[in-house]
Amino acid sequence: MQLSEALSLAISHQNAGRDQAAAEIYDRILAVDPGNPPAATLRARIHLKRGELEEADRLTEAAVRRAPDYMQAWNARGDLLDARKEPAAAVEAWRRALITGPGNTGPLVGIGNQLQLERKAAAAARAYARALTGQPGNAAAANNLAQALLIEGDVTGALAATDRVLERDPTHVRATAYRSVALEELGEYDQVDRLIAQGSATRPIRFPVPAGYADHADFNAALSEEIRTHPNLSGDLDPLRRAIRGGAYVSQLFDHKGPAIAAFERMLSEGLGDYIASLSKDPDHPFFARIPERYAVNIWANILGDEGHQSAHIHNAGWLSGTYYAAIPETVSPDDETRAGWLEFNRPGYGIPHRGTRPLDAICPELGMAVVFPSYVWHSTVPFRGGGERISIAFDLHIDG
């Protein structure tokens with residue numbers, strides 16, 4: 001097989017999501033032609049996707065050294081440097097990509113993202129708008145433009161940016177979330193309420209006490225202890241990647257199951273099955289249009305102490321999200337007018353100011369209760385004081401197939 005044919009085959013594998021098959025071909029090409037710019041760049045993309053930053057660094061450096069005017073190599077190098085948390089170098093690489101390929105839009109999104117992190121929303125918006133001029137269907141650019149414009153207070157512009165995405169994908173999570181913020185600021189409360197669907201999509205689920213436990217207090221005490229001693233417990237959290245503040249985190253909770261976690265898994269599965277069975281299909285609604293027959297669950301636990309909270313966020317990859325309460329501080333009360341420790345809805349995050357005038361919906365946690373909501377619904381935890389722990393189990397349902 002000729003080198004060009006091998007490269008074409010590898011690219012077709014990569015475009016179809018068959019990364020391992022593509023990687024094996026790229027490796028064979030690079031063994032024959034070290035530093036081959038397209039092969040090195042695209043192989044670096046696979047390393048970057050897998051978090052293998054050293055290999056991605058080596059290959060992108062080889063590609064730009066071999067072909068200083070190869071735009072894709074500089075773009076990949078910018079993404080690699082961004083992943084390594086070297087923002088100045090990443091922006092310089094993206095700018096080199098724009099010099100060598102002015103029609104490329106990827107670097108503009110990267111530059112805009114960095115400007116967002118530097119709280120320069122207006123400049124970021126200009127970068128995203130330039131990206132959309134070259135590629136009108138770029139969903140990342142349109143969503144990020146909506147975010148920047150909401151920060152700047154250009155609500156109608158933000159709404160138009162979400163339209164770009166929702167015209168192609170009417171159930172897009174981020175675009176729907178930004179749209180709900182814009183509609184709230186415009187006073188389109190009926191449309192916002194339809195999206196949130198309090199009482200049907202967004203609502204509490206109360207569970208029976210699992211067999212073998214005296215009551216909810218007994219079960220949740222055992223469940224909380226298994227969470228506190230879970231092998232995946234970590235307190236080292238990146239605030240740019242996780243919404244939790246001032247607490248600890250347990251990833252992949254079901255990887256290690258004691259009796260209480262196993263009972264919780266069964267209980268949750270039955271409760272979610274009943275919840276989904278109660279929903280009615282609506283092809284014109286971003287949540288009810290996608291009621292799944294099969295789904296996968298991603299699940300983790302959060303432990304919050306005094307002043308701990310979850311900043312406002314959404315769950316980009318889910319269809320349905322929720323949180324179950326395993327331990328609640330005594331100071332968290334349904335009679336507390338400050339709502340300390342409550343789960344709050346519709347306050348935007350990601351640097352977007354809350355300019356709404358309506359009271360925010362919130363639910364006070366109860367033992368043995370989960371609260372579920374569409375993954376595009378903004379949610380956060382009000383900080384609490386007075387000691388104690390708030391242990392919650394969060395989950396996302398991903399539509400399978």
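The legends below describe close-up views of a predicted model.

**View 1. Helices α1 and α3 pack at an angle of about 20 degrees.** Helix α1 covers residues 3-15, and helix α3 covers residues 37-49. Their axes are 11 Å apart. At that angle, α1 is roughly parallel to α3. The crossing of α1 and α3 is left-handed. From α1, the contact uses Leu7, Ile11 and Gln14. From α3, Pro38, Ala39, Leu42, Arg45 and Ile46 take part.

**View 2. Helices α2 and α3 cross at roughly 140 degrees.** Helix α2 spans residues 19-32, and its axis comes within 9 Å of the α3 axis. The two helices are therefore oblique to each other. The crossing of α2 and α3 is left-handed. On the α2 side, the contact is made by Asp19, Ala22, Ala23, Tyr26, Asp27, Ile29 and Leu30. On the α3 side, the residues are Ala39, Ala40, Leu42, Arg43, Ile46 and Lys49.

**View 3. Helices α9 and α10 pack at an angle of about 165 degrees.** Helix α9 runs over residues 139-152, and helix α10 over residues 155-166. Their axes lie 8 Å apart. The angle makes α9 roughly antiparallel to α10. The crossing of α9 and α10 is left-handed. Helix α9 contributes Ala139, Ala142, Asn143, Leu145, Ala146, Leu149 and Leu150 to the contact. These meet Gly157, Ala158, Ala161, Thr162, Arg164 and Val165 in α10.

**View 4. Tyr178 and Trp378 form a tilted aromatic pair.** The structure holds nine aromatic pairs. In the pair of Tyr178 and Trp378, the ring centres are 6.1 Å apart, with 40 degrees between the planes. Tyr178 sits in helix α11 (residues 173-185). Trp378 sits in the loop between β8 (369-374) and β9 (379-381). The pair therefore ties together parts that are 200 residues apart in sequence. Tyr178 is buried, at 0% relative accessibility. Trp378 is buried too, with a relative accessible area of 1%.

**View 5. Phe254 and Phe264 form a tilted pair.** The ring centres are 6.4 Å apart, and the planes stand at 55 degrees. Phe254 lies in the loop between β3 (244-250) and α14 (259-277). Phe264 lies in helix α14, and the two residues are 10 residues apart. Phe254 is buried, with a relative accessible area of 18%. Phe264 is buried as well, at 0% relative accessibility. Ring pairs link Phe254 and Phe264 with Phe207 and Tyr324 into a cluster.

**View 6. Strands β7, β6 and β9 form an open sheet.** The sheet has three strands, in the order β7-β6-β9, with antiparallel pairing. Strands β7 (362-363) and β9 stand at the edges. Each has a single partner strand, so one side of each is left without a neighbour in the sheet. Strand β6 (residues 343-345) pairs with β9 over three bridges, in the antiparallel sense. Phe345 stands opposite His379 in β9.

**View 7. Gly341 is a buried residue in the loop between β5 and β6.** Strand β5 covers residues 320-327. Gly341 has a relative accessible area of 0%. Leaving out residues up to four places away in sequence, Gly341 touches Val332, Pro365, Thr381, Val382, Pro383, Phe384 and Arg390. Gly341 and Glu92 are 249 residues apart in sequence. In space, they are 43 Å apart, C-alpha to C-alpha.

**View 8. Lys85 and Asn346 have positive phi values.** Phi of Lys85 is near 60 degrees, in a residue other than glycine. Lys85 is found in the loop between α5 (71-83) and α6 (87-100). Lys85 is exposed, with a relative accessible area of 60%. Asn346 is not a glycine either, and its phi is about 75 degrees. Asn346 lies in the loop between β6 and β7. Asn346 is buried, with a relative accessible area of 17%.

How values were computed. Residues numbered from 1 in each chain as written. Predicted model: local features only at pLDDT ≥ 70, side-chain atom pairs only at ≥ 80, totals over all residues. Heavy atoms only, no water. Phe/Tyr/Trp six-rings, centres within 6.5 Å; stacked < 30°, edge-to-face > 60°. Helix = DSSP H or I, 4+ residues; strand = E, 2+ residues; numbered from the N terminus. Buried < 20%, exposed > 50% of the residue type's maximum accessible area, 1.4 Å probe, protein only. Pairing = 2+ DSSP bridges. Axes fitted to C-alpha atoms, helices over the stretch in contact; angles between N-to-C directions. Parallel < 35°, antiparallel > 145°, perpendicular 65-115°, else oblique. Left-handed = near helix turned anticlockwise from the far one by under 90°. Contact = heavy atoms within 4.5 Å.
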